[in-house]
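This report goes through selected helices, strands, loops and contacts. Please keep the sequence and the structure in view while reading.

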Amino acid sequence: MKSSSSVVELVMLLCSQEWQNSIQKNAGLAFIELVNEGRLLSHTMKDHLVRVANEAEFILSRQRAEDIHKHAEFESQCAQYSADKRDEEKMCDHLIRAAKYRDHVTATQLIQKIINILTDKHGAWGSSSYRPQCFWRLDYWEDDLRRRRRFIRNLFGSSHSEATLKAAADSGGEGALLGVPTAPVRVQSTDAASLQDDDDTLSALEDKEPEPVTGPVSLSASAQLLAPGVCVRGSLSITSSELYFEVDEEDASYTQADPKILAYTEGLHGKWLFTEIRAIFSRHYLLQNTSLEIFMANRTAVMFNFMDAATVKKVVHCLPRVGVGTNYGLPQTRRISLASPKQLFKASNMTQRWQRREISNFEYLIFLNTISGRTYNDLNQYPVFPWVITNYDTEDLDLTLPSNYRDLSKPIGALNPKRAAFFSERYESWEDEQVPKFHYGTHYSTASFTMMWLLRIEPFTTLFLNFQGGKFDHADRTFSSVSRAWRNCQRDTSDVKELIPEFFYLPEMFVNSNNYNLGVMDDGTVVSDVELPPWAKSPEEFIRINRLALESEFVSCQLHQWIDLIFGYKQQGPEAVRALNVFYYLTYEGAVNLSSIADPMLREAVESQIRSFGQTPCQLLIEPHPPRSSAMQVTPLMFTDQMQQDVIMVLKFPSNSPVVCVAANTQPGLNNPAIITVTANRLFAVNKWHGLTGHQSSSAPEQQYQLPVEIDPLIGSNVGTHRRQITDLLDQSIQVSSQCFIITADNRFLLLAGFWDKSFRVYSTDTGKLVQIVFGHLDVVTCLVRSESYIGGDCYVLSGSRDATLLLWYWSGKHCSIGDTHNEFVTPRAILTGHDCEVTCASVCAELGLVISGSKEGPCLIHSMNGELLRTLEGPEGCVRPRLLQASTEGHCVIYYEQGHFCTYTINGKLLQHRELEDKIRTMLLSKDGQYLLCGGDGGVLSVWQVHDLKQLFSYPGCDAAIRSMAISNDQRCIITGMASGSIVLFYNDFNRWHHEYQTRY
């Protein structure tokens, strides 16, 4: 109770007014201060919390942004990876489809080849009674001098009967040729990439290694395939070992192209192995340095154009290091492939070789054309050659008269003084401020001129018809006469064209072999074959004389001046003005940069002008070209009688067996130059070659006279003859002759045919041991021949047999065997059929890609090296059994038949000459240049004949025994004959004494 009363009292006290007044009086100030401090503290805390919250929100926002960025980057990488994978899958699918298409094309070609073999006149299904008309076209195969001379069957050929002639139309004149647009394109400086041409030293070029690449495709780029009359877009793909091109069949360049021209175009679905690539050149297309031309082992070339020069460099770095080949004395590097024409010219040794007369004028001009960008794949940049003869009207042409030769120091437009004055006045009076001055509105080399020259041969006939809208031109404007063409080049102010290389090697261009209806001229003359000058009785005669003129001393001493005009310092600038040699500005490299023209219409107009005007070759030098050294200066011994004796020496072997085979591999680079002989009893001798000492340098100290040939010591001493005797038995029916033997180019191996087991065998000439046995025929092998050798000793070996077939093998100089290994079972490169009986003689020419063979009962056949039967050589009456056969790289084939008949043919099957001899010929040989024929037979007389007319030039003193075999030294100075008496006779030879200039001037 007490406690409760006290609580009540306490509450009442606190609630009293006095207590409240006391609290307000004593604690009010302190409470107010406390409240104020609380307020300040709360504001401070609030600010801190807001600041922390803001910082947290900022951090979270930044993290969210990073997450979004990483997510977007991840999505982008995933999309890129997916796109790359799709592109890779697309590329793989593209390559697979392209490979399938190529396989289909290859299979179709093989089927057609089999059908051709079977249905040919000499095939199993052939019929001699009915033969459909056969059309021919020029093959793309090039020889070492880039001559395309081989004709093959044309599956797309026709007489073009629908190409009715156009009516004569008024010529548009030179103004029409110009076609200058209303807004001409100004000359613009080229980009930095193309300015490297200003530095003509190779050190200015970089040779950086490309970045390492992974995956099946090293590089894929958009490209255009360039071929005569064709420029189609597609994709170029490069793997680690192969190059592919696949045309885009949906692109307008393909869909709008003439199918007839596409039928002649190779490489639309192309595949090329790196091992097949022999040379790579940088090229210009439409005056832009954006193209590549790639030369292949099958002696064809393919050309591509790219978007820019940078892509060209990438492509070259992905291709093998082959440079520009091995012919021009340049290293095989990628920077050589990217070098400018000036750099190639300066670094090459070809000019010095031409000056020393180691190469011909023709070969040097082909070299200049090749490195300056002239190509068979672009008709606007076709190789250009000069007119050299001015007399096309007389019955006889005297090549020793200077008046019959053109003045090569002047361009074709300045040869006629009146016309030269006209062109000079035009230049001086030209007032257009946007188009620079020029002498000639037309060019000396255009696509239309090239097609006009080659109108009569496919595929140029089809190209011409496409260019002309499907119709032949009016007969009066058609190339129908060489004389008229020359006169027009002297009189017409819109005609300053030069020649093309075919004028010096291709007689078929003058013959209307496909019987085209080319129309009738206004004077009633029917246009068919080209009318030749009176001094040329045949197209072959015209070509021969034109080439003689090109190689004459008159042309040799002037040619450097023509080179100055076309390729040299008189091509552009003040010297060109003085020489009357300035053409329309859009014909020169660097005149315009197409990539800087944004307007597609204007760009197309400029490209059209470039195609129409022609294109000047790239300039090779800016100083005068050096002249050629005179023949007297280079080879003075040619003009002196150093050795008047016809017979140098006679070497008698202990064996009296006839010497049935002689081989003379005497080139200076050999470790063991020797004359290898084989007798009828298969005893061979390796006789050391010392050379003709009478022709050594006069500055050399006098030495004791040494005979050219030293007898094999193993034969001379009659010790160790077991190392020189081939004891393996031959078939008893085989008559041992030179056709049974081959000696390799290094003198180390001997190949022998005629064995009873249907093989031919390889023996070492050092030990006489058997090295390899090669099987392949179904009957006894009756003849063996080999082609010329490549670097390293590689060559083709051809075996003919009684089974009526020929097999083409490859001899590997590296492995010293048929094939790449010593495997017993090697396979031939090709099987050649068409003969009905035993093959008796044959010749294989790797440079021309041809095999020519004859059988016991005839006829002679010409095959390509891939087995296609091209021609049958039909001889005149009495020429049915060929016994000896020789073919030259100049395109002639000489055949000796039984009963003493000689015939000369072209490689395209035309009979040129026929002669009948009394002596039975046992052996014959062609000179290296193919101009002379050496014959020997039972009469023991060695005779020299001129191939083109089979005229006998010389007979050496007769020997007391029959000549059974023959060879000639590498320098063509010594002829070695194998005699039936078991000896060899060496004759001194000099082909120069029968050269027309040597005879008339020296």
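## Terms and source

Helices (H or I, at least four residues) and strands (E, at least two) are DSSP runs, numbered from the N terminus. The model is a predicted one, where local features need pLDDT of at least 70, side-chain atom pairs count only at pLDDT 80 or more, and totals for chains, interfaces and linings use all residues. Residues are numbered from 1 along each chain as its sequence is written, and side-chain values use heavy atoms, with hydrogens and water left out.

## Two loop residues with positive phi

Arg146 lies in the loop between β1 (136-138) and β2 (151-153). Its phi is near 65°, a positive value in a residue other than glycine. Buried means under 20% relative accessible area, exposed over 50%, and partly exposed in between (1.4 Å probe, protein chains only). Arg146 counts as buried because its relative accessibility is 8%.

Lys758 is placed in the loop between β16 (749-752) and β17 (759-764). This residue, also not a glycine, has a positive phi, near 70°. With a relative accessible area of 34%, Lys758 is partly exposed.

## Helix α6

Helix α6 covers residues 309-318, and its buried residues are Thr311, Val312, Val315, Val316, His317 and Cys318. The elements that cover these buried residues include β3 (219-227), β4 (230-238), β8 (288-296) and α7 (334-337).

Asp308 caps the N-terminal end of α6, with a side-chain oxygen 3.3 Å from the backbone nitrogen of Ala310. Such a polar contact is a pair of N or O atoms within 3.5 Å; within protein, one must be able to donate a hydrogen and the other to accept it, and residues adjacent in sequence count only if both atoms are side-chain atoms.

## Helix α11

At the start of α11, a side-chain oxygen of Asn416 comes to within 3.1 Å of the backbone nitrogen of Lys418.

Which residues of α11 are buried? They are Arg419, Ala420, Phe423, Arg426 and Tyr427. These residues lie on the same side of α11 because they cover an arc of only 120° around the axis, the arc being that of the directions from the helix axis to the C-beta atoms. Pro417, Lys418, Glu425 and Glu428, on the other side of α11, are exposed.

Pro436 is in the loop between α11 and α12. At 33% relative accessibility, this proline counts as partly exposed. Contact means heavy atoms within 4.5 Å. Leaving aside neighbours within four places in sequence, Pro436 is in contact with Trp430 and Tyr585. The C-alpha atoms of Pro436 and Leu586 are separated by 9.8 Å, although the two residues are 150 residues apart along the chain.

Ser445 is in the loop between α11 and α12 (447-453). Its relative accessible area is 5%, so Ser445 is buried. A polar contact of 3.0 Å joins its side chain to that of Arg374. Outside four places in sequence, Ser445 is in contact with Arg374, Asn380, Tyr382, Gly614 and Gln615.

The loop between α12 and α13 (460-467) holds Pro459. The peptide bond from Glu458 to Pro459 is cis, with omega near 5°.

## The largest nonpolar core

A nonpolar core is a set of buried Ala, Val, Leu, Ile, Met, Phe, Trp, Tyr and Cys residues joined through side-chain atoms within 4.5 Å. The largest one has 150 residues, of which Phe304, Trp387, Trp453, Phe479, Phe503, Phe510 and Phe542 touch the most other members. Helix α10 (residues 361-371) gives the largest share of this core, seven residues.

Not counting residues up to four places away in sequence, Phe503 touches Trp453, Phe479, Met509, Phe510, Phe542, Ile543 and Asn546.

## Strand pairing

Two strands pair if DSSP finds at least two bridges between them. Strand β30 (residues 901-906) and β31 pair in the antiparallel sense over five bridges, and Thr904 stands opposite Gln913 in β31. The two strands form a hairpin with four residues between them, and Gly909 in the turn has a positive phi of about 90°.

Leu912 is in strand β31 (residues 911-916). Apart from neighbours within four places in sequence, Leu912 is in contact with Glu540, His892, Thr904, Tyr905 and Thr906.
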